[in-house]
Amino acid sequence: MSANLYPYQFESRKVRAEFFRLLPISLFVVAFGTAFGLAASQEGLSPFQSILMSAAMFAGASQFAAVDMWGAEVSLLPLMAVVFAINSRHLLMGASLYPMLRDVSPGRRYALLLLLTDANWAVSAQEYQSGRRNLEVIIGGGLVLWMAWILGTSVGVFFGGLLQNPKAFGLDMVLGCFLLSMALGGNKSPRVLVAWLVAGAGSLAAWKWLPPNSHVVVGALAGGVVGLFWADRSDK
Amino acid sequence: MTIETTSAGVLALIAIMALVTLVTRFGGVFVMSFVRINPRVESFINTMASSVLIAIIVPMAVAGDLGALAALAATGMTMLVLKKPLPAIAMGLVAAALVRYVI
């Protein structure tokens, strides 16, 4: 029976609840998307192209980097390398959800991953650390974040002038502050604190000495190694 | 190899970038489906998961301006006191905006 093979039960009520739970943070994402729409149109992308890029990629930081490389011609391999490097954190984020995702049929599993992004992943991963299984936030939260990102991009390409300088309002820090609040809200055993020290040091070293955009993956793997050798029995 | 940013060229670039991004979304899970999950592996991915956040934030703080530092400090303190993410983020943005307005 497939129900036994893939026992994760999605509750549509919870998906809706998670949609509304991430609605406030999505308002900030609209502003961030507006900044992207403005940047993209200043680089000569048409409104349709900018909005299509946001809908298809749904990966803000890499989109900013991509339009930064825009010109009459774009070198393909450097562009692909930058997009891959910035988005490579998705590899680790997806892997960290695997203990839950293996209980979901492959079709649903990969469909759900289309909506994987930093904010909804951070919620899901943090709840998993405290023993709750929440893949609904990837769907419901991802959907509202995706819509906000597209809406923001649309506002930016048409009315970008309204938000000439998003940094003046601190909007470039939305994601950083959100992720920090998620990190501090999670459980902080001595093992996790040691992992954080190693991860912070590793990412700083990679940021200083390794190729650009490798620091997230290097730092996270370095932190993971702590867990590899220091298995906490009291976890869950 | 370069692609001209004609309308067809831009569509091709968007398709390629979307594909690369998709590979990153799918790849980690795909690889994990070949890994036997034992407690040690589970401990590794759990620790790695909480390390992702720190690995994003620390260089952001070090490379950022005073406004970025103020934002992270305000978010951190509010979070430790109130333990609620939204007020913490709001305080962070206000702090960044204030510091950048003053400087």
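Analyst: Two residues are in contact if their C-beta atoms, placed from the backbone, lie within 7 Å. In chain A, take the contacts with a separation of 6 or more: 75% of them join residues 24 or more positions apart. This is a predicted model, in which local features need pLDDT of at least 70, side-chain atom pairs count only at pLDDT 80 or more, and totals for chains, interfaces and linings use all residues. Residues are numbered from 1 along each chain as its sequence is written, while chains are lettered from A and ligands numbered from 1 in the order in which they are written.

User: What is the share for chain B, among contacts between residues at least 6 apart in sequence?

Analyst: In chain B, 31% of those contacts join residues at least 24 apart.

User: Why is Phe58(A) called buried?

Analyst: A residue is buried if 20 or more other C-beta atoms lie within 10 Å of its own, exposed if 12 or fewer, and partly exposed in between; the C-beta atoms are placed from the backbone. Phe58(A) has 22 other C-beta atoms within 10 Å, so it counts as buried. Its place is the loop between α4 (47-57) and α5 (60-68) of chain A. Phe58(A) also has a positive phi, near 50°, though it is a residue other than glycine.

User: Why is Lys83(B) called exposed?

Analyst: Lys83(B) has 12 other C-beta atoms within 10 Å, so it counts as exposed. You will find Lys83(B) in the loop between α3 (66-82) and α4 (85-102) of chain B. Its phi is positive too, about 60°, although Lys83(B) is not a glycine.

User: Why does Gly161(A) count as exposed?

Analyst: Gly161(A) has 8 C-beta neighbours inside 10 Å, and that is why it counts as exposed. This residue sits in the loop between α11 (136-159) and α12 (174-185) of chain A. Gly161(A) and Thr34(A) are 127 residues apart in sequence, yet their C-alpha atoms are 9.6 Å apart in space.

User: How many residues of each chain count as buried, as a percentage?

Analyst: For chain A, 51% of the 236 residues are buried. For chain B, the share is 45% of 103 residues.

User: Why is chain B said to be more spread out than a compact globule?

Analyst: The radius of gyration is taken over C-alpha atoms, and the globule rule is 2.2 Å times the number of residues to the power 0.38. For 103 residues that rule gives 13 Å; chain B has 20 Å, well over that value, so chain B is more spread out than a compact globule. Along its principal axes, its C-alpha trace spans about 50 × 45 × 25 Å.

User: How many residues does each chain bring to the contact between chain A and chain B?

Analyst: Chain A brings 81 residues and chain B brings 62. On the side of chain A, α12(A) gives the most, with 11 residues. That side of chain A divides into 53 nonpolar, 21 polar and 7 charged residues. Ala, Val, Leu, Ile, Met, Phe, Trp, Tyr, Cys and Pro count as nonpolar, Asp, Glu, Lys and Arg as charged, and the others, Gly among them, as polar.

User: Where does UniProt place the transmembrane regions of chain B?

Analyst: The unreviewed UniProt entry gives residues 12-35, 47-73 and 85-102 of chain B. Such annotations may be inferred rather than shown by experiment; feature names are shortened and positions follow the numbering used here. In the model, residues 85-102 of chain B are 100% helix and 0% strand, with end C-alpha atoms 26 Å apart. Residues 12-35 of chain B are 88% helix and 0% strand, and their end C-alpha atoms lie 35 Å apart.

Methods. Helices (H or I, at least four residues) and strands (E, at least two) are DSSP runs, numbered from the N terminus.
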